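The following report is written to be read alongside the model. Please keep the sequence and the coordinates open while going through the headings.

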Amino acid sequence: MLTLGIDTSNYATSLAVFDTNAGEVVCDCKKFLPVKPGQLGLRQSDALFHHTAALPELLRQLGTKADLDRVGAVGVSARPRPVEGSYMPCFLAGVSAATAFSLGHAIPLVQTTHQQGHIAAALYAAGDARLFSAPSLVFHVSGGTTDLLLCHGADSITPLGTSSDLYAGQAVDRLGVKLGFAFPAGTYVSEEALLCDETVRPKASVRGMTCSLSGLENQCTQLLAEGKSPAYVCKYCLLCIGQTLVRMANTALEQYHGLPVVFAGGVMSSDLIRTYVTHRVPGAVFVPGKFASDNAIGVSILAAKENRAWPNLST
C-alpha cells in the first residue's frame, strides 16, 4: 500500500508518497512559498493563498512519479504542534486537499502535526526502527521552534526545553535577509559560512534546557558593524546555534543518560552545525539531506503507522 503525506507550513508546500510494503519513500516534491526580497516571511492569508494555488500542480507532479490510485491512506499536518491552542491558518490548505483526496478515494484520513512529521521523518531516516517504540531526545530546530523534546516515537512528546525568545531559524533568516539573501536564507547562510577559515568563538546563552537567541541577532549586527566579513558572521551565527544545542543536549543527558539524541528540522540541514554538534554530543543522530526538513515525508510515514500498514512502525 502507498500512503500520501501533505504538509503546508509557513515556508513550503510539500507532498510525499511512502510505500508501506517496501518501507521506503517513493517520491516527494516541494515548493517554497514566494517571499518578496527583504521580507521575513508571509502573512498567513498570503501563505494560505499560495498553498492553495500550489497543491494541484504538486499533486499532478507526484502523480507522474507514483500511482496515486494505489494510495490507501492520506496524512496531513493539521496544526504546528500537538499542544492545546496550536493553530496556523496555512495548514487549512493541506487539510482541505487531504480531506478531498481521502473522500474522493474512500480512504482513511490521518490528521497529525507539523512537529510530529519532523520527528517521524528523523526517526525513520536514522535507520533504526526501534526509535519508534523507545524513548529518545529529539530536537526540532526550525524557523518556528527550537524545542528539546522527550519522545516515545512520534506519539508521546514531552517538552523539556525551548527558546525563551527568538527561534534558531529566525536568527538565521534575519541575518541572511540582512545580507541580501532570499528568504528562507538557511542554505545561503550555510554556504557563506563555509567560506570563512577564521576561528570563531561563539557565546551562547543557555540556562539548563532553556536558551535565549535574541542576543545572537544583536551579536551578528554588532559584528557586521565592526567590519567582520559576511562569511565570518554567518559562521558565528551557525556555530552559536550549534553551541546552544550542545549545551541543552548535554544538560538533558545528565537526566536521561544514554538516550539517543535525534536532531530534526530545517536548521539541522547545516553541515557546519552537524559537524560541531556531532563531536560534542554523545549519541547524536543526524538524518540525511531532505529528511531533516521535508515534513511531508514524516506525515506519510505517520499515515502508514496509524493504519498499522508497516509492521516495523507498530507500537
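## Helix H3

H3, a helix of 12 residues, reaches 17 Å from its first C-alpha to its last, close to the 16 Å expected at 1.5 Å a residue, where the expected span is 1.5 Å times one less than the number of residues. Helices (H or I, at least four residues) and strands (E, at least two) are DSSP runs numbered from the N terminus. This is a predicted model, in which local features need pLDDT of at least 70 and side-chain atom pairs count only at pLDDT 80 or more, while totals for chains, interfaces and linings use all residues. Residues are numbered from 1 along each chain as its sequence is written, and side-chain values use heavy atoms, with hydrogens and water left out.

Because 12 of the 12 residues of H3 are buried, the helix is largely enclosed by the rest of the structure; buried means under 20% relative accessible area, exposed over 50%, and partly exposed in between, with a 1.4 Å probe and protein chains only. His-114, which is placed in H3, counts as buried at 14% relative accessibility. Leaving aside neighbours within four places in sequence, His-114 is in contact with Asp-7, Ser-9, Ser-77, Arg-79, Pro-80, Phe-91, His-140 and Asn-295, contact meaning heavy atoms within 4.5 Å. H3 is followed by Gly-127, whose phi is positive, near 80°.

## Packing of H3 and H9

The axes of H3 (residues 114-125) and H9 (residues 295-306) come within 7 Å and cross at roughly 85°, the axes being lines fitted to C-alpha atoms, for helices over the stretch in contact, with angles running from 0 to 180 degrees between N-to-C directions.

## Nonpolar cores

The largest nonpolar core has 50 residues, and those with the most contacts inside it are Phe-139, Leu-216 and Ile-241; such a core is a set of buried Ala, Val, Leu, Ile, Met, Phe, Trp, Tyr and Cys residues joined through side-chain atoms within 4.5 Å. The elements that give two or more residues to this core include E6 (135-141), E7 (146-152), H6 (214-225) and H7, and H7 gives the most, with 16 residues. Apart from this core lies another, of 24 residues, among them Phe-132, Val-262, Ala-264 and Ile-301.

H7 (residues 230-255) is mostly covered, with 20 of its 26 residues buried. At 1.5 Å a residue, H7 should span 38 Å, and its end C-alpha atoms are 39 Å apart, which agrees. In H8, the buried residues are Leu-272, Ile-273, Arg-274, Tyr-276 and Val-277, and the buried residues of H8 pack against H5, H7, E11 and E12 (284-286).

## Backbone details in loops

A cis peptide bond, with omega about -5°, joins Phe-183 and Pro-184, and Pro-184 is found in the loop between H4 and H5. Ala-106, although not a glycine, has a positive phi of about 55°. Ala-106 sits in the loop between H2 (91-105) and E5 (109-113), where this residue is exposed, with a relative accessible area of 71%.
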